[in-house]
Amino acid sequence: MIGQSKSLAHRSVPTHKIYFCTGLALNGIQWYYFQTRLGATRDCGGWNNAENLKRENMAQIFDPLSIRSITLPNRIVVSPMCEYSSLDGFANDWHLVHLGSRAVGGAGLVFTEATAVSAEGRISPEDLGIWNDAHIEFLTRITRFLKSQGTVPGMQLAHAGRKGSTQKPWVGSSKLSPEEGAWVPVAPSAIAYSDKYPFPQALSKEGIRGVVEAFASAARRALDAGFQVLEIHSAHGYLIHEFYSPLSNNRTDEYGGSFENRTRLAREIVSAIRKQWPERLPLFIRISATDWKEGGWDLDQSVELVKQLGPLGVDLVDCSSAGLVPDQKIVAGPGFQVPFSERIRRDTGVMTATVGLIETKEQVAEILAKNQADLVLMAREFLRDPYWPLRAARELGHKISWPAQYLRAAPPDSPARKPLDVEALKAKGMN
């Protein structure tokens with residue numbers, strides 16, 4: 001499909017450009033992906049026109065950001081990315097190298113993948129976990145290395161809900177067989193995500209209390225492991241998101257029906273975590289701002305949710321979208337989710353982060369210069385280039401620190417990387 005764009009709902013798709021709209025069907029999910037004439041996201045019209053951006057705006061990428069007692073050295077964050085490389089939830093050398101290399105590359109905040117708060121809360125048997133005190137030891141090794149590179153270590157806490165008990169994606173991404181260790185996932189209601197997914201059991205009120213306690217216990221373990229930022233995963237069709245949306249929640253008790261009831265679990269989890277997670281440390285939450293389906297969760301409801309969660313101790317909202325139903329229809333393009341973070345930031349006064357098809361320093365600079373988000377999270381681009389911040393700074397002529405071991409390859413007069421002052425933090429009880 002080829003057309004002339006004139007008036008599109010999402011400003012991130014370049015206007016008055018010839019574009020291609022490609023329809024893709026992945027696991028039954030419809031994606032509509034806009035591309036420019038050259039057919040690559042790096043050619044994004046105004047997004048990639050450095051002449052329209054002042055150098056001082058570009059430098060905002062490397063501005064620090066203080067949240068409670070923690071100061072991030074820049075605005076670039078490694079987004080949580082499932083690695084499906086654990087055994088019984090334990091971190092291992094893969095996680096150390098994967099996360100550590102992005103810290104060496106200069107990211108201000110590095111998040112673990114979605115880390116399961118219970119065994120039944122995993123997506124696959126290979127998910128990272130933090131439901132057992134024994135998980136803490138190797139995670140401590142990871143956080144120690146991240147801090148040695150001046151990077152703030154973050155953990156995303158997650159429960160997969162009805163999307164659990166599935167294969168890792170490069171095997172098949174369908175429900176597990178008994179021979180593969182299948183378990184019965186839980187959900188707000190006994191509604192399967194699709195025919196390829198297992199049929200879930202509806203949570204009892206006692207089961208809901210157990211989920212809340214699991215998140216709180218996971219927060220305590222994350223603190224013991226040395227993490228300094230927590231993010232609650234309530235997006236992409238996983239358990240908390242399943243409670244939000246009327247498409248997956250048909251309960252008739254105090255956890256279903258009205259907006260107040262469907263969002264009750266989120267408020268309870270935030271409150272329970274804040275009892276374990278120190279006031280001095282930041283708490284983020286990732287949400288799907290819209291289900292991209294009529295009758296589901298939408299941006300207006302997201303704004304109202306954030307207004308409730310801010311006073312409970314949420315410092316920043318990580319704005320993503322989708323993932324709840326297989327027949328969603330997403331209009332995707334470079335920065336297509338930026339309007340969500342911009343609206344939530346403006347209407348709630350809570351800091352936001354944005355994510356999704358963001359690859360270039362020009363995109364990042366424009367988002368920050370226009371106050372559309374406070375942080376920019378990248379995932380796939382960090383898989384392509386673990387040293388993205390170092391490269392972006394070099395291209396901008398902006399001086400940032402390099403690991404001392406790498407200074408021979410750094411621009412002239414680059415300062416050596418300094419670790420976070422962990423001992424000072426410990427003295428203040430902030431480790």
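**Charged pairs and the nonpolar core**

Modeller: In this predicted model, Lys307 and Glu304 both belong to helix H8, where 3 residues, about one turn of the helix, separate them. Their side chains form a salt bridge, with 3.4 Å from N to O.

Asp327 and Lys293 form a salt bridge in which the closest N and O atoms are 2.9 Å apart. This pair links distant parts of the chain, 34 residues apart: Asp327 sits in the loop between strand S13 (316–320) and strand S14 (329–332), while Lys293 sits in the loop between strand S12 (283–288) and helix H8 (299–309). Asp327 is partly exposed, because its relative accessibility is 36%, between the limits of 20% and 50%.

Arg141 counts as partly exposed, its relative accessibility being 38%.

Charged residues may also be joined in a group. Glu359, Lys361, Glu362, Glu381, Arg384, Asp385, Arg391 and Glu395 are connected in a network of salt bridges. In total, the structure holds 25 salt bridges.

The buried parts of the chain now deserve attention. The protein has 431 residues, and 58% of them count as buried. Its largest nonpolar core contains 105 residues, and those with the most contacts inside it are Leu157, Phe215, Leu230, Ile232, Ile269, Ile273 and Leu375. Helix H4 (residues 205–224) contributes the most to this core, giving 9 residues.

Leu230 shows what such a position looks like. Leaving aside residues up to four places away in sequence, Leu230 touches Met155, Leu157, Ala219, Ala222, Ile273, Trp277, Pro282, Leu283 and Phe284.

Helix H4 itself has 20 residues and spans 29 Å from its first C-alpha to its last, close to the 28 Å expected at 1.5 Å a residue. Among its buried residues are Phe215, Ala219, Arg221 and Ala222. The cover over the buried residues of H4 includes H3, strand S8 (152–158), strand S11 (229–234), helix H5 (239–244) and helix H7 (264–276). Just after H4, Gly226 adopts a positive phi of about 100°.

Cys319 is buried, because its relative accessibility is 0%, whereas Cys82, at 30%, counts as partly exposed. The disulfide count is 0.

Finally, the protein as a whole: the secondary structure consists of 13 helices and 16 strands. Among contacts with a separation of 6 or more, 68% are between residues 24 or more positions apart. The accessible surface amounts to about 17700 Å², and carbon and sulfur atoms account for 51% of it.

Key. Residues are numbered from 1 along each chain as its sequence is written. This is a predicted model: local features need pLDDT of at least 70, side-chain atom pairs count only at pLDDT 80 or more; totals for chains, interfaces and linings use all residues. Side-chain values use heavy atoms; hydrogens and water are left out. A salt bridge is a side-chain nitrogen of Lys or Arg within 4 Å of a carboxyl oxygen of Asp or Glu. Buried means under 20% relative accessible area, exposed over 50%, partly exposed in between (1.4 Å probe, protein chains only). Helices (H or I, at least four residues) and strands (E, at least two) are DSSP runs, numbered from the N terminus. A nonpolar core is a set of buried Ala, Val, Leu, Ile, Met, Phe, Trp, Tyr and Cys residues joined through side-chain atoms within 4.5 Å. Contact means heavy atoms within 4.5 Å. Accessible areas come from the Shrake-Rupley method with a 1.4 Å probe; for residues, only the protein chains shown count as cover. A disulfide is a pair of cysteine sulfur atoms within 2.5 Å. The expected span of a helix is 1.5 Å times one less than its number of residues.
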